[in-house]
Amino acid sequence: MSYPSYLEYFSSSIPNVSTATFKIPPTSNNAVSSHGQISFNLPQNCLLDFRKLRMQFQVTSTGTYTRLPPLASAYFNRISIEIGGQTISSFENANVLDEILANNLQIEVDPVNNHSTVQRVNDPFSGSALGTAGAAAETYATDDNKTFFSIDLGSFCRSIQPSIVAMNLLSQCTIVLHLAENAVVISPEHVNTLLKFRTAGTQGTYSIVNHNLFAECLDINDGSLMAMYEQTMQDQGYLELTYENWTSFSDVFNQVTRFSSSAQSLNKIVATFRRGASGGVPLLAAYNAPNGAVAVKGYNNALAASAANVGFQTDVLGQPETQGAVYQSAFFTGSAPVAAASLENDIPKDATLEPMLNFSVNSVQMPSYNCKASNWYDLTKSGWGVSRTRSNSLAEWYQYRYSICQRLDLPDSKALRVMSGLNLKASNANLTLEVTGNASAATTVDNVLVFLASSNIMRVGLGKQIQILH
């Protein structure tokens, strides 16, 4: 038996450990704009900690009053991991998934270098005005290789276990980041009033410059670790690494959307909705059209100054964390698929119907009852394993950070490296997300994004061979 560490009066040691951090340049040093690519070749003769990989970069923008979106990962639509030319992990709309993960407290957002907020007048890094009273685009200096932004390398690097990988057992590993469209940035008419900040102007653009990768590498000089790896490969033919793999589906949501999976362990189904046409509350235009800033309801977005008015300002909640302004990019604003006529103050309206939403797997409904759009909040918290989300009101979650999550595996399975999700390997399962009641209250033109999380196994064999078990 094994006793807990606080009862054990001994320690163990691993001698001859050395560490080093390297700065890895991209395959091309040119500035990269929307729909472009950035590639990095990872070092091959070391122990590499994938969870500590960080890309640092700078962002420039054009447009008179352009503002950059919250989250530094917003610019990257897809992050591909390739080993020996074989794609191991890659899916569209990775930036939207990061927004969902942040809204449900699955990833931490560092305000120092992750650009966690949108500011109407001030630069979020220094607090000083952008131009004269904010009348300038949000863009940053590029001289001397300055880099204010930093991101990790996505779901594969966050979840791979063990996270420290002997790179000499693999063929060349390449990370390719695919940039998103210009619609991720905010393009307001002006910044001198809240109304003009919310109104769309001319679409702004962005570019990524000064990008470099930082890698933490280790070595155990006595060779014992590599000898253990080699002996394991000789005995069973391979080493196993597990990671969380995401796939995504995009559709126009008109009552039902269909998708499929043949995963050996399907762990979660996640969905979010974005307004697909003008006039859809809370956006003034479709999510991928030029848009001004989306002012999240419940916050002091007009920045009314009087402390005596705290809790009494129109549309502002009284708690301390809502006394600042919170803005969002329309591209990342998730809203429940509920028609405007069924809403009042961004929540379901009195004496009106509310649509019901359900997933199904091979015609088995999840949850087993018809679930109203607002009732998904508790189910989603349970799905992510959290006691609260980033939202401070029902209106904020329902109209600005709406996503739903259906868990299919045991809690903490990922941390324990246990595959307990739904086994669909024997057949290509038919999955749906559909309106199961009160369909007249649902929207018909919204964009729906569905994300599937599954457990994958990568087997590394002799001669740098790899096999992926989905």
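This is a predicted model: local features need pLDDT of at least 70, side-chain atom pairs count only at pLDDT 80 or more; totals for chains, interfaces and linings use all residues.

A: A residue is called buried under 20% relative accessible area, exposed over 50% and partly exposed in between, with a 1.4 Å probe and protein chains only. Residues are numbered from 1 along each chain as its sequence is written, and side-chain values use heavy atoms, without hydrogens and water.

Asparagine 16 is partly exposed, at a relative accessible area of 43%. Apart from neighbours within four places in sequence, asparagine 16 has contacts (heavy atoms within 4.5 Å) with Asp219, Ile220, Asn221 and Asp222. Serine 329, by comparison, is 313 residues from asparagine 16 in sequence, and their C-alpha atoms are 49 Å apart.

As for the whole chain, its C-alpha trace spans about 70 × 60 × 50 Å along the principal axes. Of the contacts with a separation of 6 or more, 78% join residues 24 or more positions apart. The chain contains seven helices and 24 strands, taken as DSSP runs numbered from the N terminus (helices H or I, at least four residues; strands E, at least two). Its radius of gyration, over C-alpha atoms, is 24 Å, close to the 23 Å from the globule rule (2.2 Å times the number of residues to the power 0.38) for 470 residues, so the chain is as compact as a globular protein of that length.
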